[in-house]
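Let's take a walk through a protein structure together. Keep the picture open beside you as you read.

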Amino acid sequence: MTEHMSRRQLPKWSGIKPLLRARPVEFNATNRRLARALTIADLRTAARRRVPRAVFDYTDGAAEGEISLRRARRMFQTLEFSPSVLHDVSGVDTTCTVLGRASTAPFAFAPTGFTRLMHHEGERAVVHVAERHGIPYALSTMGTTSIEDVAAAAPSARKWFQLYVWKDRAAGEELMMRARAAGFEALMLTVDVPVAGNRLRDVRNGFSIPPTLSARTLADIATHPAWWANLITTEPLTFASLSGWDRTIAELIDALFDPTMTMADLEWVRSCWPGPLIVKGIQSLDDARRMAEAGVEAIVLSNHGGRQLDRAPVPLSLVPEVVDAVGDRTEVWVDTGVMSGADIVAAVALGARTVLVGRAYLYGLMAGGERGVERATGILEREMRRTMQLLGVRSVGELDRRHVAIPAH
Ligand SMILES: Cc1cc2nc3c(=O)[nH]c(=O)nc-3n(C[C@H](O)[C@H](O)[C@H](O)COP(=O)(O)O)c2cc1C
């Protein structure tokens, strides 16, 4: 019995050394935190610790029972990939064409409001990463950095301006002129906010811009000192397009947004904006047809990340039929619920031209400013590339519906 056992000897340093490779020590806490995040979900966990609860909840939350968002994420989770093996996938090309121009990957940064609240580097951080990676960036009407400052921060990034049609039409027209003059390529008109969605977390947290000073706020300052120090020592928080607001977000939205908006306003926007027009927030085949008839260059199938109508259709589920009906006349994009590069691949395989990501990059921003957005983007890109390789696909153009099965409920 014993003769089968391996012989033992005293360990010698010369034998151990080749087995142990010293890991480089990372002294910077942010870099350490970000390096530990392997997924967007990890960045979300890191983000939660970094920012005040009301800020995290504003970003992470959705409307009412948050059913729209949960369903959208569930659809991404339950779909099934169908791979094909034995193809040379050593080189993978993720480039695609969006609005007639090349993009390095089929995703773009969605417009999000109040970005400087999530991290003081705000919109500039996001647009810098967009520029470095060749990914389009959409600035929100509710952005906290001006149109001109965003343009100056990243002159060669592809930039789109997201517009809400305001009650004050002249103000909206002026914004369009400023975006055009600053070199923004396309206008993204958001149409799913005739009134504010009921975001219960914000109501419960008493979320307001700028933050109000209460006993709770003081307690938060003690637990998130770095965030507060950054807020207080950088330029005061104002909007890209308006100033001086101290009530809740819902009150702001109701004051600004116009529930009387119709197709006639779309034509008015068209007459003010000479470049490509993207309509964001389409949630039915009929509306997709109306947009195609109106001649818009792209539509975004979206329920606003679940932040407006709860129990809305899952945007991803609309992609195949909408592409079949109008895909030859207008580009069909999708968003809501994207948390990984594999989600992006699935959406493109189902027919989406490109995908907008919102929270995925905001979790990175909250976790570590520009470096966090960089980390989020790297995660999405690597996941996308690997998923394509494992599917046996070498380019975005090769992805098609055969690669994704949607199990019946
Ligand atoms: C914090 C936050 C703020 C947003 N602000 C805007 C906005 O100002 N304008 C807009 O059109 N969409 C806005 N959206 C919606 C996004 O553009 C996008 O549709 C949504 O985030 C996609 O879902 P995802 O977060 O699951 O990727 C916002 C989303 C979040 C999470």
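Predicted model: local features only at pLDDT ≥ 70, side-chain atom pairs only at ≥ 80, totals over all residues.

In general, two packed helices are described by the angle between their axes and the distance between the axes.

Which residues make the contact? On the α17 side they are Gly341, Ala342, Ile344 and Val345, while α18 brings Leu380, Glu381, Arg382, Glu383, Met384, Thr387 and Met388. Sorted by class, this contact has six nonpolar, two polar and three charged residues.

Now follow α18 (359–391) to the ligand. This helix gives the most to the shell around the ligand, with three residues. Helix α4 (53–60) and strand β11 (355–357) also supply at least two residues each. In total, 25 residues surround the ligand, and the closest are Ala110, Ser140, Thr190, Gly305 and Gly358. The shell has twelve polar, nine nonpolar and four charged residues.

Finally, look at two loops. Most residues other than glycine have a negative phi. Threonine 336, in the loop between β10 (331–334) and α17, has a positive phi near 95°. Threonine 336 counts as buried because it has 32 C-beta neighbours inside 10 Å, and 20 or more are needed for that. Leucine 99 also has a positive phi, of about 50°. Leucine 99 sits in the loop between β2 (96–98) and β3 (101–103), and its 20 C-beta neighbours inside 10 Å mean that it counts as buried.

Notes. Residues numbered from 1 in each chain as written. Near = placed C-beta within 6 Å. Helix = DSSP H or I, 4+ residues; strand = E, 2+ residues; numbered from the N terminus. Nonpolar A, V, L, I, M, F, W, Y, C, P; charged D, E, K, R; others polar. Contact = placed C-beta atoms within 7 Å. Buried ≥ 20, exposed ≤ 12 C-beta atoms within 10 Å, placed from the backbone.
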